[in-house]
Amino acid sequence: MVKQRLRRLTAAAWLISLVMFIYIGRLAWLQLMPGSASAAALSTETSRGGWQRLSVQQRQRNLVLDTGRGDFYDRNGIAITGETYSAVALFPVRRDVRGQEQDISVLSGILGVSVEQLQQKWDSVREPVFWMADNQMLPMRLTEAQTVRIKKLPLNGIRVLPYRNRYLAGFEAKHLIGFTSQHPEWLQAEQAEDLTRGKRKLADQVGGSGLEKSLDKLMHGVGVTSVSYFMDGRNAPMHGLDFRITQPNNRYYPLQAMTTIDLQLQNEIEDYVDAHGMKEGAVVVLDARNADIVAMVSRPQLKPGQFHSSDGTEWSNHALKAVAPGSVFKLVTEAAALEAGVVDPNESFDCSGEYGKYGLSCWKEGGHGHLTLKEGLAQSCNIVFATIAERLTAIELKRTADSLGIGRQAGWHRDKAFGPFAEPLRLLEEEERGQLFAPISVQATSSPEGLGGDEGLGVDKQRLLEAGEEAAMLAAVDGGTLAQSGLGQRDVRMTPLQAANLIVTLLNEGRVMEPRLVSEIRYANGQRMVKLPAQRAQAIRGRIKPATAHALLRDMAAVVDHGTGRTIRQGRWAVAGKSGTAETTRAGIDRNHQWFAGYGPIKKPRYAIAVLVENQPPGSSNQATKIFRGVMDIAAGLAEGADR
């Protein structure tokens with residue numbers, strides 16, 4: 001009997017030991033074997049860190065201090081984005097306020113609220129947060145004196161921490177930089193692999209427009225800097241742990257993108273156009289030597305997180321939107337006529353005010369009388385340019401437009417991967433192509449025999465199809481289309497960036513450059529990661545003759561000397577350019593787009609500038625011309641100051 005009982009006890013002991021062994025083995029396997037096949041079924045967070053780390057995380061509260069996103073700088077090394085300042089952080093800890101009434105009163109006074117408001121806010125906190133003043137979207141900025149006083153207060157759950165603010169105090173959002181926002185759907189669609197590997201999280205900020213978007217894959221960084229506050233099960237601070245700051249252990253990040261922008265010039269132009277009431281339009285300033293973008297202003301003002309108009313016009317960079325250029329396009333028409341030899345510079349034209357067909361007339365009632373080609377441009381005579389446009393063939397006008405970079409995206413780009421960029425890169429993704437004639441859809445059956453559909457076409461076949469479409473388009477162009485297009489109306493479209501680049505092309509004797517917005521990207525220690533060199537555009541039709549470019553530049557000087565731009569003769573620099581007015585409609589109401597594109601100073605050109613003021617009442621004075629003069633004077637003043 002005793003032996004039987006002993007055997008049962010022994011069996012029970014072995015069973016209990018086996019169960020304990022299984023449990024201990026299971027716990028050890030979960031902790032020590034996180035990368036096994038079974039563990040792969042667990043979350044990525046669990047697999048990488050183990051259960052011990054997660055058990056600690058359950059007792060900690062995190063607050064992000066810095067997203068780790070790279071910053072943008074202007075051409076002089078001045079920060080466009082990124083600043084760090086001290087702010088108050090509230091943590092959801094259990095606290096005993098007895099004996100601390102005075103400290104809480106001091107804190108409430110510094111924060112500018114009542115004790116009751118502070119207590120109410122603190123009691124509602126469930127996750128760590130920065131203190132934000134009423135109606136503010138950013139943490140309250142502390143002065144040095146306030147920082148010292150708060151740090152002396154013995155209050156659990158209150159800390160002064162460094163907050164990394166993306167956009168500087170007083171910073172006006174700029175379309176060229178863009179904005180960031182949370183966009184989990186885009187991350188899942190475009191960067192699923194990085195999400196799987198833990199390089200990105202669904203809550204990450206991603207670039208929504210501008211350079212923030214085109215350089216997002218580099219600028220998002222390698223991880224956040226955060227502060228952890230450890231608490232026990234009663235939400236009381238854990239003894240000996242308190243705060244701990246964690247950050248990426250990589251001295252090369254965050255990156256620094258060096259732009260071509262002159263921030264002082266950019267800001268002064270923004271103030272100027274706002275003071276002169278430009279509600280809708282753009283100003284582009286390019287370096288005359290290499291087409292680097294020195295300033296790019298778009299209105300309406302970009303307001304990230306806010307919607308002001310039903311059509312979203314404030315979200316569009318108007319410097320990159322293609323609209324009818326009006327008489328600015330007469331520069332292209334004159335170039336085409338000179339290149340094709342269909343006009344003599346000394347030829348005399350007669351403007352009676354009416355063209356006699358296509359419903360065309362000159363803007364000057366009664367006409368200009370007898371004019372040479374040079375005077376035709378100076379006075380922006382529609383009769384002269386409709387006449388020479390009709391002498392051209394569609395192919396001749398299109399060839400010259402191609403040679404001058406018109407009708408395609410002008411901005412700096414690479415079609416192949418290079419440096420750290422695993423894919424082709426275009427810095428100005430939102431830029432529209434512009435056009436000369438309206439496109440005509442050509443069915444695949446009209447393309448060369450055996451070409452087939454356009455899906456999956458090889459490069460050569462695609463070019464053949466495009467050539468067929470272009471041939472069909474040009475064949476459909478009649479005299480009326482040529483006359484109206486030669487005036488920059490009908491289907492002609494151009495962006496302010498392309499208009500400014502047209503001026504740079506003429507200043508460089510027909511060499512088309514690609515306007516650049518970023519010159520290089522550096523590591524955090526200042527070492528260069530990659531250079532984005534100034535570069536010429538890939539030629540489509542070759543270039544115009546230097547003599548043609550020189551003739552146009554001389555004629556543009558006549559525009560300001562005694563032509564339609566004579567109101568801006570006086571200023572810091574002598575300038576040259578071409579005005580333009582393009583008819584359009586908005587909500588069924590007649591409106592005009594007002595333009596001026598030119599350069600200065602005449603003797604030694606430094607800047608090419610294009611100004612567009614959109615949707616102005618017909619008959620109103622050309623505001624773009626006035627703004628051009630003001631912008632050039634601002635640029636001249638800064639240049640002269642820098643040269644001293």
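Contact here means heavy atoms within 4.5 Å. The model is predicted. With that cut-off in hand, start at one side chain.

Arg-299 belongs to strand E12, residues 293-299. Leaving aside residues up to four places away in sequence, Arg-299 touches Glu-270, Val-273, Asp-274, Met-278, Lys-279, Glu-280, Gly-281 and His-318. One of these neighbours, Asp-274, makes a side-chain to side-chain polar contact with Arg-299 at 2.7 Å. Is Arg-299 buried or exposed? Its relative accessibility is 4%, so Arg-299 counts as buried; the cut-off for buried is under 20%. The chain also folds back here: Ala-282 lies 17 residues from Arg-299 in sequence, yet their C-alpha atoms are separated by 6.1 Å.

One side carries Gly-281, Val-283, Val-285 and Asp-287. The other carries Ala-282, Val-284 and Leu-286. Both faces are covered.

Which strands pair with E11? E12 does, in the antiparallel sense, over six bridges. Within that pairing, Val-283 has Val-297 as its bridge partner. Five residues separate the two strands of this hairpin, and Ala-291 takes a positive phi near 70 degrees. Strand E21, residues 607-616, also pairs with E11, again antiparallel, over seven bridges. There, Asp-287 stands opposite Tyr-607.

Now take a separate sheet. Three strands form an open, antiparallel sheet in the order E4-E3-E5. E4 (129-130) and E5 (158-167) each have a single partner strand, so one side of each is left without a neighbour in the sheet. E3, residues 81-90, pairs with E5 over nine bridges. Ala-89 has Arg-159 of E5 as its bridge partner.

Next comes a helix. H18 runs over residues 546-562, 17 residues in total. From first C-alpha to last it reaches 25 Å, close to the expected 24 Å. Its buried residues include Ala-551, Leu-552, Asp-555, Met-556 and Val-559. An α-helix has 3.6 residues a turn, so residues three or four places apart point the same way. What covers the buried residues of H18? The cover includes helices H11 (330-340), H12 (373-378) and H17 (496-507), along with strands E19 (576-586) and E20 (589-600).

Finally, confidence. The protein averages a pLDDT of 84, and 79% of the residues score at least 70. Residues 34-59 fall below 50, with 28 contacts in the model beyond near neighbours in sequence. Residues 442-457 are also below 50, with 16 such contacts. Where pLDDT is low, the predicted coordinates should not be read in detail.

Terms used. Residues are numbered from 1 along each chain as its sequence is written. This is a predicted model: local features need pLDDT of at least 70, side-chain atom pairs count only at pLDDT 80 or more; totals for chains, interfaces and linings use all residues. Side-chain values use heavy atoms; hydrogens and water are left out. Two strands pair if DSSP finds at least two bridges between them. Helices (H or I, at least four residues) and strands (E, at least two) are DSSP runs, numbered from the N terminus. pLDDT is the predictor's confidence in each residue, from 0 to 100. The expected span of a helix is 1.5 Å times one less than its number of residues. Buried means under 20% relative accessible area, exposed over 50%, partly exposed in between (1.4 Å probe, protein chains only). A polar contact is a pair of N or O atoms within 3.5 Å; within protein, one must be able to donate a hydrogen and the other to accept it, and residues adjacent in sequence count only if both atoms are side-chain atoms.
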